[in-house]
Amino acid sequence: MSNLPHDLYTAEQTRELERIVMEQQAISSATLMSRAGTAALEAIRTHCPLARHILIVCGAGNNGGDGFELARQALANDYRISVFQLGDERGMSDETTAARQALLATGTEIQAFTDSLSNADMIVDALFGIGLNREVSGDYALAIDAINQQSKSTPVLALDIPSGIHADSGRALGKPVQASITLSFLGLNTGLFTGDGPSFCGKVIFDSLNVPSSIYSVLTPAARRISLEHVGTALAPRERTAHKGLYGHLLIIGGDHGMSGAARMAAEAGGRVGAGLISVATRRAHSAFFNLTRPELMCHGVEDVGEMEVLLSSANALVVGPGLGQSEWGAALFQKTLEANKPMVVDADALNLLSKNPQHRDNWVLTPHPGEAARLLGCSSKDIQSDRFAAVDELQKRYGGVVVLKGSGTLISNGEAPIRLSTAGNPGMASGGMGDVLTGVIGGLLAQHFPIMDAACVGVTLHGMAADKTAEQDGERGTLAMDLMPHLRKLANLDY
(Lines give C-alpha, C1' and ligand atoms only; values in the text may rest on other atoms or scores of the structure.)
Protein backbone atom coordinates (compact mmCIF):
# COMPACT_ATOMS: atom_id res chain seq x y z
CA MET A 1 0.00 0.00 0.00
CA SER A 2 3.02 2.28 -0.01
CA ASN A 3 2.00 3.91 -3.30
CA LEU A 4 -1.59 4.61 -2.21
CA PRO A 5 -2.70 8.06 -1.06
CA HIS A 6 -2.80 8.42 2.70
CA ASP A 7 -5.97 10.53 2.82
CA LEU A 8 -9.28 8.67 3.09
CA TYR A 9 -12.78 9.96 2.35
CA THR A 10 -16.40 9.09 3.03
CA ALA A 11 -18.76 8.38 0.15
CA GLU A 12 -20.28 11.83 0.55
CA GLN A 13 -16.85 13.43 0.38
CA THR A 14 -15.98 11.41 -2.73
CA ARG A 15 -19.14 12.66 -4.40
CA GLU A 16 -18.16 16.19 -3.38
CA LEU A 17 -14.74 15.71 -4.96
CA GLU A 18 -16.47 14.59 -8.15
CA ARG A 19 -18.71 17.68 -8.06
CA ILE A 20 -15.67 19.95 -7.62
CA VAL A 21 -13.95 18.29 -10.56
CA MET A 22 -16.96 18.74 -12.81
CA GLU A 23 -17.80 22.33 -11.79
CA GLN A 24 -14.38 23.85 -11.20
CA GLN A 25 -12.30 21.86 -13.67
CA ALA A 26 -14.97 21.45 -16.38
CA ILE A 27 -14.38 17.70 -16.58
CA SER A 28 -17.68 15.98 -17.37
CA SER A 29 -19.10 12.93 -15.63
CA ALA A 30 -18.93 11.10 -18.97
CA THR A 31 -15.22 11.88 -19.24
CA LEU A 32 -14.62 10.56 -15.71
CA MET A 33 -16.54 7.40 -16.61
CA SER A 34 -14.42 6.91 -19.70
CA ARG A 35 -11.25 7.38 -17.65
CA ALA A 36 -12.55 4.86 -15.10
CA GLY A 37 -13.01 2.31 -17.87
CA THR A 38 -9.46 2.94 -19.08
CA ALA A 39 -8.07 2.60 -15.55
CA ALA A 40 -9.96 -0.68 -15.03
CA LEU A 41 -8.63 -2.11 -18.27
CA GLU A 42 -5.09 -1.11 -17.30
CA ALA A 43 -5.57 -2.79 -13.92
CA ILE A 44 -6.56 -6.02 -15.67
CA ARG A 45 -3.55 -5.82 -17.98
CA THR A 46 -1.20 -5.23 -15.04
CA HIS A 47 -2.56 -7.65 -12.48
CA CYS A 48 -4.06 -10.38 -14.68
CA PRO A 49 -2.02 -10.19 -17.90
CA LEU A 50 -3.13 -13.64 -19.13
CA ALA A 51 -6.84 -12.83 -18.93
CA ARG A 52 -8.51 -12.69 -22.35
CA HIS A 53 -12.16 -13.28 -21.47
CA ILE A 54 -13.64 -10.71 -19.07
CA LEU A 55 -17.05 -11.14 -17.47
CA ILE A 56 -18.53 -7.87 -16.17
CA VAL A 57 -21.54 -7.70 -13.84
CA CYS A 58 -23.13 -4.24 -13.98
CA GLY A 59 -25.74 -2.51 -11.86
CA ALA A 60 -27.95 0.39 -12.87
CA GLY A 61 -25.91 3.13 -11.18
CA ASN A 62 -22.77 4.91 -12.29
CA ASN A 63 -20.69 1.98 -11.09
CA GLY A 64 -22.48 -0.03 -13.76
CA GLY A 65 -21.65 2.74 -16.22
CA ASP A 66 -17.96 2.25 -15.42
CA GLY A 67 -18.48 -1.44 -16.15
CA PHE A 68 -20.14 -0.76 -19.50
CA GLU A 69 -17.31 1.60 -20.43
CA LEU A 70 -14.72 -1.00 -19.45
CA ALA A 71 -16.52 -3.57 -21.60
CA ARG A 72 -16.52 -1.28 -24.64
CA GLN A 73 -12.84 -0.43 -24.29
CA ALA A 74 -11.87 -4.07 -23.63
CA LEU A 75 -13.72 -5.13 -26.78
CA ALA A 76 -11.83 -2.50 -28.78
CA ASN A 77 -8.61 -4.02 -27.44
CA ASP A 78 -9.45 -7.53 -28.64
CA TYR A 79 -10.70 -8.95 -25.36
CA ARG A 80 -13.63 -11.30 -25.30
CA ILE A 81 -16.33 -9.91 -23.04
CA SER A 82 -19.53 -11.12 -21.40
CA VAL A 83 -21.77 -8.50 -19.76
CA PHE A 84 -24.57 -9.14 -17.28
CA GLN A 85 -26.87 -6.42 -16.02
CA LEU A 86 -29.07 -6.10 -12.95
CA GLY A 87 -31.49 -3.25 -12.36
CA ASP A 88 -33.82 -1.25 -14.59
CA GLU A 89 -32.10 0.81 -17.26
CA ARG A 90 -34.96 3.31 -17.11
CA GLY A 91 -33.53 4.60 -13.82
CA MET A 92 -29.99 5.05 -15.12
CA SER A 93 -28.22 8.41 -15.22
CA ASP A 94 -27.64 10.00 -18.60
CA GLU A 95 -23.93 9.06 -18.45
CA THR A 96 -24.61 5.42 -17.62
CA THR A 97 -27.31 5.21 -20.29
CA ALA A 98 -24.87 6.64 -22.86
CA ALA A 99 -22.16 4.14 -21.85
CA ARG A 100 -24.66 1.30 -22.14
CA GLN A 101 -25.84 2.46 -25.56
CA ALA A 102 -22.25 2.82 -26.78
CA LEU A 103 -21.61 -0.78 -25.77
CA LEU A 104 -24.80 -2.01 -27.46
CA ALA A 105 -23.75 -0.14 -30.63
CA THR A 106 -20.77 -2.50 -30.92
CA GLY A 107 -23.19 -5.40 -31.36
CA THR A 108 -22.52 -6.72 -27.85
CA GLU A 109 -25.38 -8.45 -26.08
CA ILE A 110 -26.03 -7.34 -22.52
CA GLN A 111 -27.52 -10.31 -20.71
CA ALA A 112 -30.01 -10.12 -17.87
CA PHE A 113 -28.75 -11.97 -14.81
CA THR A 114 -30.81 -15.03 -13.93
CA ASP A 115 -29.10 -17.28 -11.39
CA SER A 116 -25.62 -18.07 -12.68
CA LEU A 117 -22.64 -16.66 -14.57
CA SER A 118 -20.62 -18.14 -17.41
CA ASN A 119 -16.95 -18.98 -17.00
CA ALA A 120 -14.29 -16.37 -17.76
CA ASP A 121 -10.66 -15.49 -17.03
CA MET A 122 -11.59 -12.42 -14.99
CA ILE A 123 -14.76 -11.20 -13.28
CA VAL A 124 -15.47 -7.52 -12.74
CA ASP A 125 -17.87 -6.37 -10.02
CA ALA A 126 -19.58 -3.15 -11.16
CA LEU A 127 -22.82 -3.63 -9.21
CA PHE A 128 -23.07 -0.95 -6.55
CA GLY A 129 -19.98 1.16 -5.97
CA ILE A 130 -19.88 3.50 -2.96
CA GLY A 131 -23.58 4.38 -2.78
CA LEU A 132 -24.87 1.24 -1.07
CA ASN A 133 -26.34 1.77 2.42
CA ARG A 134 -28.76 -1.14 2.82
CA GLU A 135 -28.55 -4.91 3.08
CA VAL A 136 -28.07 -6.64 -0.27
CA SER A 137 -31.04 -8.83 -1.18
CA GLY A 138 -32.94 -10.44 -4.06
CA ASP A 139 -31.23 -10.89 -7.39
CA TYR A 140 -28.29 -8.77 -6.26
CA ALA A 141 -27.54 -11.21 -3.44
CA LEU A 142 -27.82 -14.08 -5.92
CA ALA A 143 -25.42 -12.31 -8.28
CA ILE A 144 -22.89 -11.79 -5.48
CA ASP A 145 -23.23 -15.47 -4.54
CA ALA A 146 -22.53 -16.38 -8.17
CA ILE A 147 -19.48 -14.10 -8.30
CA ASN A 148 -18.14 -15.51 -5.04
CA GLN A 149 -18.63 -19.07 -6.21
CA GLN A 150 -16.40 -18.38 -9.19
CA SER A 151 -13.93 -16.29 -7.16
CA LYS A 152 -12.54 -19.54 -5.76
CA SER A 153 -10.87 -20.14 -9.12
CA THR A 154 -11.21 -16.83 -11.00
CA PRO A 155 -9.78 -13.42 -10.00
CA VAL A 156 -12.35 -10.71 -9.23
CA LEU A 157 -11.81 -6.99 -9.78
CA ALA A 158 -14.17 -4.72 -7.81
CA LEU A 159 -14.68 -1.19 -9.11
CA ASP A 160 -14.71 1.45 -6.33
CA ILE A 161 -15.39 -1.04 -3.51
CA PRO A 162 -16.59 -4.65 -3.32
CA SER A 163 -20.37 -4.63 -3.66
CA GLY A 164 -21.91 -5.26 -0.26
CA ILE A 165 -19.32 -3.28 1.75
CA HIS A 166 -20.41 0.05 3.24
CA ALA A 167 -18.02 2.65 1.85
CA ASP A 168 -17.78 4.67 5.08
CA SER A 169 -17.72 2.08 7.87
CA GLY A 170 -16.45 -1.04 6.09
CA ARG A 171 -19.47 -2.93 7.43
CA ALA A 172 -20.66 -5.96 5.46
CA LEU A 173 -24.19 -5.32 4.18
CA GLY A 174 -25.14 -8.94 3.86
CA LYS A 175 -22.67 -11.05 1.90
CA PRO A 176 -20.17 -8.85 -0.01
CA VAL A 177 -18.24 -9.67 -3.15
CA GLN A 178 -14.95 -11.40 -2.35
CA ALA A 179 -12.57 -9.36 -4.51
CA SER A 180 -9.00 -10.21 -5.45
CA ILE A 181 -8.33 -6.59 -6.40
CA THR A 182 -10.24 -3.41 -5.62
CA LEU A 183 -9.72 -0.40 -7.88
CA SER A 184 -10.69 2.82 -6.13
CA PHE A 185 -11.34 5.97 -8.15
CA LEU A 186 -10.80 9.64 -7.27
CA GLY A 187 -10.77 9.22 -3.46
CA LEU A 188 -9.93 6.20 -1.32
CA ASN A 189 -12.85 5.37 0.95
CA THR A 190 -12.52 4.81 4.68
CA GLY A 191 -14.41 1.50 4.55
CA LEU A 192 -11.71 -0.12 2.44
CA PHE A 193 -9.36 -0.26 5.41
CA THR A 194 -11.33 -1.06 8.55
CA GLY A 195 -14.22 -3.22 9.76
CA ASP A 196 -15.05 -5.98 7.28
CA GLY A 197 -13.50 -4.08 4.37
CA PRO A 198 -9.98 -5.56 4.48
CA SER A 199 -11.42 -9.10 4.45
CA PHE A 200 -13.15 -8.54 1.11
CA CYS A 201 -11.07 -5.95 -0.78
CA GLY A 202 -8.01 -8.02 -1.65
CA LYS A 203 -5.23 -5.82 -3.02
CA VAL A 204 -6.33 -2.17 -3.09
CA ILE A 205 -5.14 -0.02 -5.99
CA PHE A 206 -6.02 3.56 -6.85
CA ASP A 207 -6.49 5.82 -9.85
CA SER A 208 -7.12 9.55 -9.52
CA LEU A 209 -8.68 9.67 -13.02
CA ASN A 210 -6.09 12.28 -13.91
CA VAL A 211 -7.80 15.10 -12.01
CA PRO A 212 -5.74 18.07 -10.77
CA SER A 213 -4.19 17.41 -7.37
CA SER A 214 -5.38 20.83 -6.18
CA ILE A 215 -8.95 19.55 -5.75
CA TYR A 216 -7.90 17.51 -2.71
CA SER A 217 -6.95 20.64 -0.74
CA VAL A 218 -10.60 21.71 -0.62
CA LEU A 219 -11.70 18.98 1.83
CA THR A 220 -10.32 17.77 5.13
CA PRO A 221 -10.21 13.98 4.76
CA ALA A 222 -12.28 11.87 7.14
CA ALA A 223 -9.25 9.75 8.00
CA ARG A 224 -5.57 9.44 7.20
CA ARG A 225 -3.55 6.24 6.92
CA ILE A 226 -0.40 6.33 9.01
CA SER A 227 2.95 4.76 8.17
CA LEU A 228 6.37 4.82 9.77
CA GLU A 229 7.59 7.11 6.99
CA HIS A 230 5.09 9.71 8.17
CA VAL A 231 5.05 9.26 11.95
CA GLY A 232 8.57 8.00 12.59
CA THR A 233 10.34 11.38 12.43
CA ALA A 234 10.30 11.52 16.24
CA LEU A 235 12.47 8.38 16.27
CA ALA A 236 15.53 10.31 15.15
CA PRO A 237 18.99 8.96 16.12
CA ARG A 238 20.04 9.87 19.63
CA GLU A 239 22.74 12.36 20.53
CA ARG A 240 26.11 10.81 21.36
CA THR A 241 25.95 12.40 24.82
CA ALA A 242 22.62 10.75 25.66
CA HIS A 243 21.95 9.15 29.05
CA LYS A 244 19.05 7.18 30.51
CA GLY A 245 17.67 10.18 32.36
CA LEU A 246 16.75 11.79 29.06
CA TYR A 247 14.44 8.96 28.05
CA GLY A 248 12.10 8.77 30.95
CA HIS A 249 10.97 6.43 33.68
CA LEU A 250 7.98 4.22 32.87
CA LEU A 251 5.96 2.55 35.62
CA ILE A 252 3.85 -0.50 34.73
CA ILE A 253 1.00 -1.21 37.17
CA GLY A 254 -0.62 -4.64 37.00
CA GLY A 255 -0.03 -8.36 37.25
CA ASP A 256 -2.54 -9.74 39.75
CA HIS A 257 -2.32 -13.38 40.81
CA GLY A 258 -2.03 -15.61 37.75
CA MET A 259 -1.56 -12.68 35.35
CA SER A 260 2.02 -11.55 35.93
CA GLY A 261 2.94 -12.19 32.29
CA ALA A 262 0.83 -9.29 31.02
CA ALA A 263 2.74 -6.72 33.05
CA ARG A 264 6.02 -8.43 32.19
CA MET A 265 5.36 -8.16 28.45
CA ALA A 266 4.28 -4.52 28.69
CA ALA A 267 7.44 -3.70 30.65
CA GLU A 268 9.80 -5.25 28.12
CA ALA A 269 7.96 -3.61 25.22
CA GLY A 270 8.44 -0.21 26.85
CA GLY A 271 12.14 -0.88 27.11
CA ARG A 272 12.47 -2.16 23.56
CA VAL A 273 11.21 1.14 22.14
CA GLY A 274 13.65 3.13 24.23
CA ALA A 275 12.34 4.10 27.68
CA GLY A 276 15.30 4.89 29.93
CA LEU A 277 14.05 3.13 33.07
CA ILE A 278 11.24 0.62 33.64
CA SER A 279 9.64 -0.10 37.00
CA VAL A 280 6.84 -2.56 37.68
CA ALA A 281 4.32 -2.44 40.53
CA THR A 282 2.85 -5.91 40.94
CA ARG A 283 1.85 -8.48 43.52
CA ARG A 284 4.52 -9.19 46.13
CA ALA A 285 4.40 -12.89 45.23
CA HIS A 286 5.60 -11.99 41.71
CA SER A 287 8.23 -9.39 42.47
CA ALA A 288 10.94 -11.83 43.55
CA PHE A 289 11.05 -13.67 40.23
CA PHE A 290 9.59 -11.09 37.85
CA ASN A 291 12.91 -9.90 36.48
CA LEU A 292 14.80 -13.20 36.46
CA THR A 293 14.67 -13.27 32.66
CA ARG A 294 14.85 -9.49 32.25
CA PRO A 295 17.03 -8.17 35.06
CA GLU A 296 16.91 -4.60 33.73
CA LEU A 297 13.38 -4.26 35.14
CA MET A 298 12.92 -2.82 38.64
CA CYS A 299 10.16 -4.86 40.25
CA HIS A 300 8.25 -3.87 43.37
CA GLY A 301 5.81 -5.93 45.35
CA VAL A 302 2.81 -3.81 46.26
CA GLU A 303 -0.01 -5.02 48.49
CA ASP A 304 -1.05 -1.68 49.97
CA VAL A 305 -1.73 1.41 47.86
CA GLY A 306 0.37 3.47 50.24
CA GLU A 307 3.40 1.72 48.79
CA MET A 308 2.61 3.34 45.44
CA GLU A 309 3.47 6.88 46.53
CA VAL A 310 7.21 6.75 45.90
CA LEU A 311 6.83 4.69 42.71
CA LEU A 312 4.32 7.10 41.21
CA SER A 313 6.34 10.16 42.13
CA SER A 314 9.52 8.86 40.46
CA ALA A 315 7.89 7.93 37.12
CA ASN A 316 7.03 10.38 34.38
CA ALA A 317 4.70 8.02 32.45
CA LEU A 318 2.39 5.25 33.57
CA VAL A 319 0.83 2.11 32.15
CA VAL A 320 -2.09 0.68 34.09
CA GLY A 321 -4.14 -2.39 33.29
CA PRO A 322 -2.08 -5.33 32.02
CA GLY A 323 -3.08 -8.24 34.25
CA LEU A 324 -4.52 -5.79 36.80
CA GLY A 325 -7.71 -7.72 37.44
CA GLN A 326 -10.86 -6.22 38.92
CA SER A 327 -10.42 -7.29 42.54
CA GLU A 328 -10.18 -4.81 45.40
CA TRP A 329 -6.40 -4.78 44.88
CA GLY A 330 -6.70 -3.88 41.20
CA ALA A 331 -9.39 -1.27 41.79
CA ALA A 332 -7.35 0.38 44.56
CA LEU A 333 -4.20 0.54 42.41
CA PHE A 334 -6.16 1.96 39.50
CA GLN A 335 -7.65 4.70 41.66
CA LYS A 336 -4.25 5.56 43.10
CA THR A 337 -2.79 5.73 39.59
CA LEU A 338 -5.48 8.18 38.50
CA GLU A 339 -4.69 10.43 41.46
CA ALA A 340 -1.12 10.83 40.19
CA ASN A 341 -2.49 12.66 37.13
CA LYS A 342 0.50 11.83 34.92
CA PRO A 343 0.54 10.85 31.23
CA MET A 344 -0.65 7.26 31.12
CA VAL A 345 -1.90 4.40 28.99
CA VAL A 346 -5.07 2.70 30.22
CA ASP A 347 -5.75 -0.82 28.98
CA ALA A 348 -7.34 -4.18 29.78
CA ASP A 349 -8.93 -4.42 33.24
CA ALA A 350 -8.23 -0.75 33.90
CA LEU A 351 -10.63 -0.01 31.04
CA ASN A 352 -13.22 -2.30 32.57
CA LEU A 353 -12.83 -0.48 35.89
CA LEU A 354 -13.08 2.86 34.07
CA SER A 355 -16.36 1.79 32.43
CA LYS A 356 -17.88 1.49 35.93
CA ASN A 357 -16.83 5.02 36.88
CA PRO A 358 -16.35 7.08 33.69
CA GLN A 359 -13.99 10.04 33.74
CA HIS A 360 -12.77 12.55 31.18
CA ARG A 361 -9.06 13.42 30.96
CA ASP A 362 -6.75 15.00 28.41
CA ASN A 363 -3.49 13.26 29.34
CA TRP A 364 -4.23 9.58 28.78
CA VAL A 365 -4.32 7.07 25.94
CA LEU A 366 -7.11 4.49 26.08
CA THR A 367 -6.52 1.31 24.05
CA PRO A 368 -9.75 -0.73 23.96
CA HIS A 369 -10.53 -3.68 21.75
CA PRO A 370 -14.18 -3.80 20.54
CA GLY A 371 -15.38 -5.68 23.62
CA GLU A 372 -13.81 -3.17 26.00
CA ALA A 373 -15.07 -0.30 23.84
CA ALA A 374 -18.58 -1.72 24.12
CA ARG A 375 -18.38 -1.75 27.91
CA LEU A 376 -17.06 1.83 27.91
CA LEU A 377 -20.03 2.97 25.81
CA GLY A 378 -22.67 0.66 27.27
CA CYS A 379 -23.47 -1.12 24.02
CA SER A 380 -22.53 -4.36 22.23
CA SER A 381 -19.31 -5.14 20.39
CA LYS A 382 -21.47 -5.62 17.29
CA ASP A 383 -22.55 -2.00 17.64
CA ILE A 384 -18.91 -0.94 17.86
CA GLN A 385 -17.93 -2.90 14.77
CA SER A 386 -20.90 -1.69 12.73
CA ASP A 387 -19.37 1.82 12.66
CA ARG A 388 -15.90 1.95 14.14
CA PHE A 389 -15.45 5.61 13.19
CA ALA A 390 -18.55 6.66 15.10
CA ALA A 391 -17.44 4.50 18.04
CA VAL A 392 -13.95 5.99 18.33
CA ASP A 393 -15.43 9.49 18.05
CA GLU A 394 -17.91 8.81 20.85
CA LEU A 395 -15.23 7.22 23.05
CA GLN A 396 -12.99 10.24 22.65
CA LYS A 397 -15.80 12.70 23.39
CA ARG A 398 -16.83 10.78 26.50
CA TYR A 399 -13.39 9.98 27.93
CA GLY A 400 -11.04 12.54 26.36
CA GLY A 401 -7.35 12.16 25.57
CA VAL A 402 -6.46 9.83 22.73
CA VAL A 403 -8.45 6.68 21.98
CA VAL A 404 -6.94 3.73 20.11
CA LEU A 405 -9.74 1.44 18.91
CA LYS A 406 -7.92 -1.78 18.15
CA GLY A 407 -8.86 -4.24 15.42
CA SER A 408 -8.52 -4.66 11.69
CA GLY A 409 -7.82 -1.09 10.64
CA THR A 410 -6.97 0.31 14.09
CA LEU A 411 -8.36 3.83 14.56
CA ILE A 412 -6.72 6.60 16.59
CA SER A 413 -8.61 9.76 17.58
CA ASN A 414 -7.79 12.81 19.67
CA GLY A 415 -11.05 14.52 18.72
CA GLU A 416 -9.61 16.38 15.74
CA ALA A 417 -10.04 15.52 12.07
CA PRO A 418 -8.76 13.49 10.43
CA ILE A 419 -8.93 10.28 12.44
CA ARG A 420 -5.74 8.25 11.99
CA LEU A 421 -5.96 4.70 10.65
CA SER A 422 -3.31 1.99 10.71
CA THR A 423 -3.21 -0.75 8.09
CA ALA A 424 -0.22 -2.46 9.73
CA GLY A 425 -0.82 -5.80 11.41
CA ASN A 426 -2.28 -9.18 10.51
CA PRO A 427 -4.51 -11.99 11.87
CA GLY A 428 -1.52 -13.61 13.55
CA MET A 429 -1.96 -10.96 16.24
CA ALA A 430 -5.06 -12.78 17.50
CA SER A 431 -3.22 -14.26 20.46
CA GLY A 432 -2.89 -13.44 24.13
CA GLY A 433 -0.58 -10.64 25.18
CA MET A 434 -0.62 -8.59 21.96
CA GLY A 435 -2.54 -5.78 23.61
CA ASP A 436 -0.15 -5.76 26.58
CA VAL A 437 2.78 -5.28 24.20
CA LEU A 438 1.03 -2.38 22.45
CA THR A 439 0.30 -0.78 25.81
CA GLY A 440 3.95 -1.04 26.78
CA VAL A 441 5.10 0.38 23.45
CA ILE A 442 2.90 3.46 23.77
CA GLY A 443 3.91 3.84 27.42
CA GLY A 444 7.58 3.64 26.50
CA LEU A 445 7.11 6.47 24.01
CA LEU A 446 5.20 8.57 26.55
CA ALA A 447 8.11 8.10 28.96
CA GLN A 448 10.37 9.56 26.26
CA HIS A 449 8.21 12.70 26.29
CA PHE A 450 6.31 12.01 23.08
CA PRO A 451 3.04 14.01 22.92
CA ILE A 452 0.18 11.58 23.53
CA MET A 453 -1.14 11.62 19.95
CA ASP A 454 2.36 11.01 18.58
CA ALA A 455 2.94 8.22 21.11
CA ALA A 456 -0.29 6.53 20.07
CA CYS A 457 0.31 6.83 16.31
CA VAL A 458 3.97 5.79 16.43
CA GLY A 459 3.20 3.02 18.92
CA VAL A 460 0.38 1.50 16.88
CA THR A 461 2.56 1.65 13.77
CA LEU A 462 5.59 0.02 15.39
CA HIS A 463 3.41 -2.70 16.94
CA GLY A 464 1.61 -3.59 13.70
CA MET A 465 4.79 -3.52 11.62
CA ALA A 466 6.59 -5.73 14.15
CA ALA A 467 3.77 -8.27 13.84
CA ASP A 468 4.02 -8.10 10.05
CA LYS A 469 7.77 -8.70 10.20
CA THR A 470 7.15 -11.69 12.45
CA ALA A 471 4.58 -13.10 10.01
CA GLU A 472 6.91 -12.59 7.05
CA GLN A 473 9.59 -14.49 8.88
CA ASP A 474 7.64 -17.47 10.24
CA GLY A 475 3.99 -17.16 9.18
CA GLU A 476 0.91 -15.75 10.90
CA ARG A 477 -0.37 -18.80 12.73
CA GLY A 478 1.40 -19.43 16.01
CA THR A 479 2.67 -15.87 16.49
CA LEU A 480 3.22 -15.05 20.17
CA ALA A 481 3.37 -11.56 21.63
CA MET A 482 7.00 -11.89 22.71
CA ASP A 483 7.95 -12.72 19.10
CA LEU A 484 7.53 -9.00 18.36
CA MET A 485 10.31 -7.84 20.66
CA PRO A 486 13.36 -8.07 18.34
CA HIS A 487 11.39 -6.43 15.54
CA LEU A 488 10.19 -3.63 17.81
CA ARG A 489 13.78 -2.78 18.63
CA LYS A 490 14.85 -2.66 14.98
CA LEU A 491 11.82 -0.66 13.89
CA ALA A 492 12.27 1.83 16.74
CA ASN A 493 15.69 2.47 15.20
CA LEU A 494 14.02 2.94 11.79
CA ASP A 495 15.61 -0.26 10.52
CA TYR A 496 13.04 -1.73 8.16
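I began with Pro418, which I found in the loop between β17 (410-413) and β18 (419-422). This is a predicted model, so I read every value here as computed from it. The peptide bond from Ala417 to Pro418 is cis, and its omega is near -5 degrees.

**Positive phi values**

Most residues other than glycine have a negative phi, and most peptide bonds are trans. With that in mind I looked up two residues. Asp78 is not a glycine, yet its phi is positive, near 70 degrees. I placed Asp78 in the loop between α3 (62-76) and β3 (80-85). Is Asp78 buried or exposed? Its relative accessibility is 66%, so I noted Asp78 as exposed.

Ala348 belongs to the loop between β14 (344-346) and α12 (349-356). Its relative accessible area is 16%, under the 20% cut-off, so Ala348 goes down as buried.

**Helix α15**

Next I went to α15, residues 388-399. This helix has twelve residues and spans 16 Å from first C-alpha to last, close to the 16 Å expected at 1.5 Å a residue. Which residues of α15 are buried? I listed Arg388, Phe389, Ala391, Val392, Leu395, Gln396 and Tyr399. Looking down the axis of α15, I saw these buried residues fall within an arc of 165 degrees, so they line one face of the helix. A reminder to myself: an α-helix has 3.6 residues a turn, so residues three or four places apart point the same way. After α15 comes Gly400, with a positive phi near 80 degrees.

**Aromatic pairs**

How many aromatic pairs are there? My count came to two aromatic pairs. In one of them, the rings of Tyr9 and Tyr216 have centres 6.3 Å apart and planes at 40 degrees, so I call the pair tilted. Tyr9 sits in the loop between β1 (7-8) and α1 (11-24), and Tyr216 in the loop between β8 (203-207) and β9 (223-226), so the pair ties together parts that are 207 residues apart in sequence. Tyr9 is buried, at 2% relative accessibility.

Phe128 and Tyr140 form a tilted pair too, 4.9 Å centre to centre with 40 degrees between the planes. Phe128 is in the loop between β5 (122-126) and α5 (138-151) while Tyr140 is in helix α5, so this pair joins parts twelve residues apart in sequence. I noted Phe128 as buried at 17% relative accessibility, and Tyr140 as partly exposed at 21% relative accessible area.

**Charges over rings**

I then looked for charges over rings. Arg52 lies over the face of Tyr79, at 4.1 Å from the ring centre. The charged end of Arg238 sits over the ring of Tyr247, 3.5 Å from its centre.

**The second largest pocket**

Arg238 turned up again here. The second largest pocket has a volume of about 690 Å³. Of its 25 lining residues, the closest to the centre are Arg238, Gly271, Val273, Gly274 and Ala275. Which elements give two or more residues to the lining? I found α8 (260-272), β11 (277-282) and α18 (485-492). The largest share, four residues, comes from α8.

Terms used
Residues are numbered from 1 along each chain as its sequence is written. This is a predicted model: local features need pLDDT of at least 70, side-chain atom pairs count only at pLDDT 80 or more; totals for chains, interfaces and linings use all residues. Side-chain values use heavy atoms; hydrogens and water are left out. The expected span of a helix is 1.5 Å times one less than its number of residues. Buried means under 20% relative accessible area, exposed over 50%, partly exposed in between (1.4 Å probe, protein chains only). The arc is that of the directions from the helix axis to the C-beta atoms. Rings of Phe, Tyr and Trp (its six-membered ring) pair if their centres lie within 6.5 Å; planes under 30 degrees apart count as stacked, over 60 as edge-to-face and the rest as tilted. A charge sits over a ring if NZ of Lys or CZ of Arg is within 6 Å of the ring centre and within 35 degrees of the ring normal. On a 1 Å grid over the protein atoms alone, a cavity is a set of points where a 1.4 Å probe fits but cannot get out, and a pocket is an open set with protein on both sides within 12 Å along at least five of seven lines; lining residues have an atom within 4 Å of a point. Grid points are joined across faces, edges and corners, and a volume is the space filled by probe spheres set on the points.
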